[in-house]
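Hi everyone, thanks for coming. Please have a look at the sequence and the structure on the screen, and then I will walk you through them.

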Number of protein chains: 2
Amino acid sequence: MLKYPADLLKLMGLFKKLPSVGGKTAERFAFQLLNWSEDQLKEFSYHLAVLKEKIKSCPECFCIMQEETCPFCQDTQRDKSLLCVIASPKDAYALEETHTFQGLYHVLGGLLSPLEKKHPEQLHLEALKKRLSILSVKEVIIALDSTLEGDATALYLKELLTSQGITASRLAFGLPIGSSLEYVDGGTLARALSGRQTF
Amino acid sequence: MLKYPADLLKLMGLFKKLPSVGGKTAERFAFQLLNWSEDQLKEFSYHLAVLKEKIKSCPECFCIMQEETCPFCQDTQRDKSLLCVIASPKDAYALEETHTFQGLYHVLGGLLSPLEKKHPEQLHLEALKKRLSILSVKEVIIALDSTLEGDATALYLKELLTSQGITASRLAFGLPIGSSLEYVDGGTLARALSGRQTF
């Protein structure tokens with residue numbers, strides 16, 4: 001059977017490593033790139049090559065930063081006694097969009113998952129412990145996915161934090177805003193019921 | 001509002017130029033790349049930079065080729081009197097997978113579309129006319145999309161070909177294999193009815 005040219009196949013293979021990109025999508029991407037100008041391709045190539053050099057990880061909170069300036073740790077206006085634990089640097093941007101959190105972040109770099117060989121040692125937990133004492137943190141908000149791995153990691157963190165006398169809280173679970181009861185799944189509804197609030 | 005680092009935004013902008021990649025997907029791609037190793041990023045970067053150099057367009061049929069060898073034009077086993085006209089080089093690979101076509105291809109490089117400023121001069125029609133006489137083509141199969149633009153281009157080609165006494169045929173329209181009548185749209189059903197075959 002006729003195969004795509006080797007260099008095109010190689011490029012498709014690289015695209016397939018991106019999240020939710022399968023064979024067909026990778027093919028479309030590669031063929032689309034053949035229509036790009038030489039300049040555009042060189043620009044794309046350049047930005048991939050310098051990515052790690054330009055975008056660094058903050059040694060304190062592990063959020064991403066342009067060059068050497070962490071947008072969170074170096075902001076003196078933020079409340080250092082309030083820490084929000086997140087799985088990936090991307091989550092900080094989602095939380096910032098709410099304009100309701102003024103503390104610092106701490107990126108774990110994943111969630112506990114024995115199946116994917118993610119054990120406590122692979123997460124930035126040692127750094128978290130150090131920061132808790134250095135910053136004299138009073139409350140830690142656990143902002144992790146509501147999945148099996150997220151729940152396991154939250155439980156692990158809760159024990160670690162309460163043993164040190166630090167208040168640990170987790171994001172509320174319930175109905176998404178704008179949702180219709182009819183379409184909400186049973187699990188969410190049960191959590192919304194048990195977490196009901198008087199008003 | 002807090003913005004992503006400038007270099008990450010730049011990369012997201014480039015990903016958004018790929019087909020069916022929106023803002024959210026571009027964000028996911030960019031953040032995923034931050035987890036790639038330096039070597040993987042360099043490899044990705046390299047393959048984008050050399051794409052145009054390694055993958056060339058055949059000067060005869062406009063199919064893509066690795067370096068200087070066209071997999072179709074340089075295959076002496078193929079029937080040179082049968083030409084299949086396609087819109088993009090990718091279509092040749094889809095047709096090759098059927099193992100039922102043994103002629104040569106001719107890539108138009110798009111479809112006629114006055115709205116997108118695709119006029120006959122922008123398509124590889126002059127080259128097609130030249131090949132028709134050089135190869136003494138007997139039949140041309142028009143394998144274009146069944147869209148408005150595909151239909152218009154097919155009609156244009158049909159007139160061009162029949163005026164030169166060359167048989168022009170178009171891919172059959174009808175029910176896709178494995179389809180259920182219940183879910184087939186009216187247009188397809190109408191074409192399947194009018195194109196019914198005695199057996």
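**A walk through two chains**

Let me start at one spot on the outside: Lys117(B) counts as exposed, because its relative accessibility is 64%. For these words, buried means under 20% relative accessible area, exposed means over 50%, and partly exposed is in between, with a 1.4 Å probe and protein chains only. Lys117(B) sits in the loop between E4 and helix H6 (125-134) of chain B. Helices (H or I, at least four residues) and strands (E, at least two) are DSSP runs, numbered from the N terminus. The phi angle of Lys117(B) is near 55 degrees, a positive value in a residue other than glycine.

His99(B) belongs to the loop between H5 and strand E4 (103-107) of chain B, and it is exposed, with a relative accessible area of 57%.

A quick word on where this comes from. This is a predicted model, in which local features need pLDDT of at least 70 and side-chain atom pairs count only at pLDDT 80 or more, while totals for chains, interfaces and linings use all residues. Residues are numbered from 1 along each chain as its sequence is written, chains are lettered from A and ligands numbered from 1 in the order in which they are written, and side-chain values use heavy atoms, leaving out hydrogens and water.

**How the two copies are arranged**

Two copies of a chain are related by a rotation about an axis and a shift along it. What rotation superposes chain B on chain A here? The rotation is 179 degrees, with 0.0 Å of shift along its axis, and the RMSD is 0.2 Å. The two copies are therefore related as by a two-fold rotation axis. The superposition is by least squares on the C-alpha atoms of residues with pLDDT of at least 70 in both copies.

**Where the chains meet**

How many residues of chain B are in contact with chain A? There are 52, and they are in contact with 52 residues of chain A; contact means heavy atoms within 4.5 Å. The copies meet through the same surface, because 100% of the interface residues of chain B are also interface residues in chain A. The size of an interface is often given as the accessible area lost when the parts come together. Chain B and chain A bury about 5500 Å² between them, 73% of it on carbon and sulfur atoms. That buried area is the accessible area (1.4 Å probe) that two parts lose on being put together, summed over both.

**Salt bridges**

A salt bridge here is a side-chain nitrogen of Lys or Arg within 4 Å of a carboxyl oxygen of Asp or Glu. The structure holds 14 of them over all chains, and the rule finds 4 across the interface of chain B and chain A.

Glu43(B) forms one with Lys10(A), with the closest N and O atoms 3.5 Å apart. Glu43(B) lies in helix H3 (residues 38-49) of chain B and Lys10(A) in helix H1 (residues 6-15) of chain A, so this pair joins two chains. Both partners are partly exposed: Glu43(B) has a relative accessible area of 26%, and Lys10(A) has 41%. Lys10(B) likewise forms a salt bridge with Glu43(A), the closest N and O atoms being 3.5 Å apart.

Glu27(A) pairs with Lys90(B) in a salt bridge, at 3.4 Å between the closest N and O atoms. Because Glu27(A) is in helix H2 (residues 23-33) of chain A and Lys90(B) in helix H5 (residues 89-96) of chain B, this pair also joins two chains. Is Glu27(A) buried or exposed? Glu27(A) counts as buried, at 16% relative accessibility.
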